[in-house]
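This briefing goes through selected local features, grouped by topic. The structure is shown first.

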Amino acid sequence: MLYRLISLLWAALLATLCAAPASATSMYDTVLSAGLMGGPDLCAEAPCSDVLPAATVFSKRKGAPAYVEGYALEQGKQKMVGYVFLSTDVVDIPAYSGKPVVTLIGMDTKGLITGVRILKHSEPILLAGIPETVLTKFVKQYFGKPGDAKLELGLGRDGGDLDAISGATVTAIAENQTIAQSAYEIGKQVGIFKGMVKPRAHFTPLRERLDWAALVKEGAVQHLRVESADVGLPSGGKPHMDLHFGYLNVPTVGASLLGERNYARLMQDLKEDEHAIFIIGTGLESFKGSGFVRGGIYDRIQVRQDTDRFTFRDTDYLNLYHLEPADAPEYSESAIFIVRSANFNPAWPWQLSLLANKLDMQTHTKVFVHFDEEYWTPARYLEGGRPKVERPVPAWKAAWLARKGELTLFVLALLATAGLYSQRDRLVRASSRKSKPLISIPRTILWVIAVGFFGLYLKAQPSITQVMTWFHSLVYQWKWELFLSDPFIFIFWWFMVVTVVLWGRGLFCGWLCPFGSLQHLAYKLGTLIGLGRFQGLLPKRVHDKLKWVKYGVFAVLVGVSFYSMELAEHLAEIEPFKTTFLVGVLNRGWPFAAFVAVILGISILSERPYCKYICPLGAGLAVPSFFRLFGLKRKQECVTCTACAKGCGSHAIDAQGRIDQKECLLCLDCMVMYYDDHACPLLAKERKTREKNGQPLTPIDERGYFISLDAVRSELKRKAG
C-alpha cells in the first residue's frame with residue numbers, strides 16, 4: 001500500500017512542477033532598454049500614459065533627479081497636468097533581492113499620485129508561490145494618495161495606511177519607501193512640496209594645525225576604497241581605486257592640509273555658495289576618468305546630498321600639488337573640486353560617490369553602480385554643532401522594528417527548544433519506552449507552535465531558495481541587507497547553523513520545521529482516529545535507496561540556479577512550503593493544493609515521507625550534520641542488536657546499530673531505550689539475571705550499563721576503611 005502512496009506522491013509532484021509556468025513572461029524577465037533607464041525620451045520607452053492618463057503629450061527628461069512633464073490638449077492648447085518619473089532616477093532602495101524594484105510613477109500638479117506601474121523586479125519570492133499580481137494590487141493603493149504623505153504599512157498592532165503583501169513584507173516595505181521618497185523629491189523639485197529649510201552653515205573660529213592621523217580620527221578626512229572584485233574584475237594586487245577626501249572650507253581642515261598660505265589663497269578665490277573638496281587617490285584606475293579630456297566632464301566622481309547630485313567639469317577643477325601633513329599617505333593623483341551651488345550645505349551629511357561599470361558575473365553584462373562614502377563635518381567645527389538629521393529607515397530595519405513583540409516570542413521559543421534538548425540525558429533517563437511524557441508532550445507542543453505560530457502566522461518557513469541565495473551571494477556578492485530583510489528567517493537560519501553544528505539537522509527538521517511538524521501531527525491524527533494498524537514504514541532496503549533522491553533534488557536545484565535563478569525558483573515548487581504557509585492552499589491552483597494534500601494524506605499512514613525522500617532543504621542540512629560536535633550515544637553491543645532499529649521512525653539506524661546522523665530527526669526513542677532496563681535487551685538481560693540471583697539493581701551509568709556490583713563493593717570498603 002505504501003508503494004502505491006509513494007507513487008501517488010511523485011505523480012502529484014510532477015503535476016505541480018508542470019503547473020509552474022517556467023516560461024511565462026513576467027516582470028522578473030523584463031529587459032529594460034538603455035533609453036528607458038537613462039535616455040532623454042523616457043516616455044518613448046515607458047508607458048507614461050498608464051500612470052498619468054490625463055496626459056497625451058510628454059516632454060523629454062528634465063531636472064535632476066529626472067522627471068517628465070505631461071500635457072493635455074485643451075482647446076488646441078497644451079496644459080500641464082502632471083509629472084512622470086522613474087524611481088531609479090530618484091532613489092536606489094534595495095528590496096528583498098538586494099536590487100531595486102524599477103517603478104514608473106505619475107503625479108498630478110496638486111501632488112496626488114495618479115498611477116504606479118512596476119516595470120521590473122528581481123524578487124525571487126514573486127517568481128513562484130506568490131503571484132506578481134499581488135505586487136500590482138499593492139501599488140494600486142497609492143492612487144489618489146498625496147505624494148508627501150507618510151504612508152505606513154499595516155504591520156503593527158494598530159494597523160497602517162496600506163495593506164502589506166502577505167509573505168513578501170520586505171518587498172512591500174521597500175516599494176513603499178521607493179514610491180514615497182520618489183514622489184516627495186520630484187514634488188519638492190517642481191515646487192509642489194516645500195523641502196526642509198537648511199540654515200546656512202557657520203564655522204567655529206577654531207584654527208588648529210592637525211596631522212593626517214588626527215584629521216582621519218575625527219572624520220575630517222574620509223576614506224573610500226573599492227576593490228577590483230567589487231567591480232567584477234580579477235584582483236591586480238592593488239585596489240581598483242583607493243581615495244581619501246575631505247571638505248576644505250573649514251579653517252582647521254583647510255589650513256592643516258594645504259598650509260596657511262595656500263588655504264588663504266583658495267578662500268579668496270571662492271565665491272559665496274562655493275565649496276572646495278579635495279581628493280587624493282591611488283589604485284589601478286584614475287578617479288578623474290577620461291571624460292574630462294573628451295568633453296570636460298569628470299564622469300567617475302560625484303557629490304550627493306539628499307537627492308541632489310553635483311557633478312564636475314574642467315572649470316570646477318583645481319590642481320592640488322602638495323599636502324602639508326608629513327604623515328599623509330602616498331598618492332598617484334590629486335585634485336580640488338569646487339561645488340558651485342546654494343543647495344549644497346556642509347552642515348548636513350553628504351556622500352562622495354564613485355561611479356563605475358561593474359561586470360555582473362551572473363549575467364556577464366556590465367551594469368552601472370556607484371560606491372558611496374559619507375562625509376559629515378565634525379561637530380566641533382560647526383556653530384551649534386551638527387543639525388538633527390532624520391534618516392530614512394532602511395527596509396530591513398523597518399521590518400525588525402515593526403515586529404518586536406513577535407520577534408521576542410520567536411527567539412524565546414527557539415531558546416526554550418535548544419535548552420530543552422540540551423537536557424536530553426535527564427529527560428530520557430526519566431522516561432521509559434512505554435512512558436515518555438517529558439519528551440512527547442513538549443515535542444507535540446513545539447510541533448503545534450511550529451505549525452501555527454512559526455508557519456501560518458509568522459510565515460517563517462525556511463526554504464531551499466534561501467540556500468540558493470546564500471550560494472549566489474558567496475560566489476558573487478554578499479549583502480547582509482538581503483538576509484536581514486526577513487528577521488524571522490534570518491534568526492531561524494542562525495539557530496539552524498548553530499544547532500546543526502552542535503547536534504545535526506534533527507533539532508530543526510524533527511522538532512521545529514513547520515512543514516515537518518505538520519506531517520508529524522498528521523501521523524498522530526492517524527493514530528487518534530484508529531488508523532494505527534495501517535501505519536507503517538517502507539522496508540529498510542527500499543528506504544535506503546529512496547533517501548538519496550532528496551540529495552539529487554538539492555544538487556539539481558543549486559546547479560540550475562547558477563544557470564537561471566528564475567528556472568530554479570520554479571523548480572523549487574518541489575517544496576510545498578509556499579502553498580502551505582506563504583500563500584495558502586486556497587490561493588493556489590489545484591496541482592499545488594493536490595501536492596500538499598497527497599503529502600499530508602500519506603503522512604497519516606507513514607512518518608514524514610516528504611522529509612525522508614524529497615525535501616532538498618533537509619538534504620542541504622544533512623551534509624554538515626555529518627560533522628556535528630555531539631551525536632547520540634551507542635554501546636559496543638549495539639552492533640549486534642536491532643531493537644532500536646526496529647522502532648526508529650526515521651530508518652536512521654542500520655543493521656550494525658550505527659546511527660546515520662544525516663537522517664536522524666532526534667526523536668530520542670533510541671536514547672530512551674539506551675537507559676531503559678525493560679526495553680534495552682542488554683539491560684533487560686542483566687536486570688533479570690540480578691533479580692533471579694537476588695542481587696540488587698544498581699543505577700545505570702552514563703555509558704548505559706548497570707554499575708557493577710564489584711565496583712559498588714569496592715567503594716563501600718573504601719568508605720568503611
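**Backbone features, a helix and a surface patch**

Lys459 sits in the loop that links helix H15 (437–457) to H16. The model is predicted.

- Lys459 is not a glycine, yet has a positive phi of about 60 degrees.
- Lys459 counts as buried because its relative accessible area is 19%, and the cut-off for buried is under 20%.
- Arg608, in the loop between helix H25 (590–603) and helix H26 (609–613), also has a positive phi, near 50 degrees.
- With a relative accessible area of 1%, Arg608 is buried.
- A cis peptide bond, with omega near 0 degrees, runs from Ala64 to Pro65; Pro65 belongs to the loop between strand E1 (57–58) and strand E2 (68–74).

**Helix H16**
- H16 covers residues 464–475, and its 12 residues should span 16 Å at 1.5 Å a residue; the end C-alpha atoms are 17 Å apart, in agreement.
- Its buried residues are Ile464, Thr465, Gln466, Val467, Met468, Thr469, His472 and Ser473.
- These buried residues pack against several helices, including H18, helix H22 (549–563) and helix H27 (616–625).

**Nonpolar surface patch**
- Trp480, Trp494, Val497, Val501, Leu629 and Phe630 form a nonpolar surface patch of about 600 Å².
- Helix H18 (residues 487–503) supplies the largest share of the patch, three residues.
- Trp494 lies in H18 and is partly exposed, at a relative accessible area of 45%.

Terms used. Residues numbered from 1 in each chain as written. Predicted model: local features only at pLDDT ≥ 70, side-chain atom pairs only at ≥ 80, totals over all residues. Heavy atoms only, no water. Patch = residues over 30% accessible without salt bridge, like charges linked within 9 Å, V, L, I, M, F, W, Y side chains within 5 Å. Areas by Shrake-Rupley, 256 points an atom, 1.4 Å probe, with all protein chains shown as cover. Salt bridge = Lys/Arg side-chain N within 4 Å of Asp/Glu carboxyl O. Helix = DSSP H or I, 4+ residues; strand = E, 2+ residues; numbered from the N terminus. Buried < 20%, exposed > 50% of the residue type's maximum accessible area, 1.4 Å probe, protein only. Expected span 1.5 Å × (residues − 1). Contact = heavy atoms within 4.5 Å.
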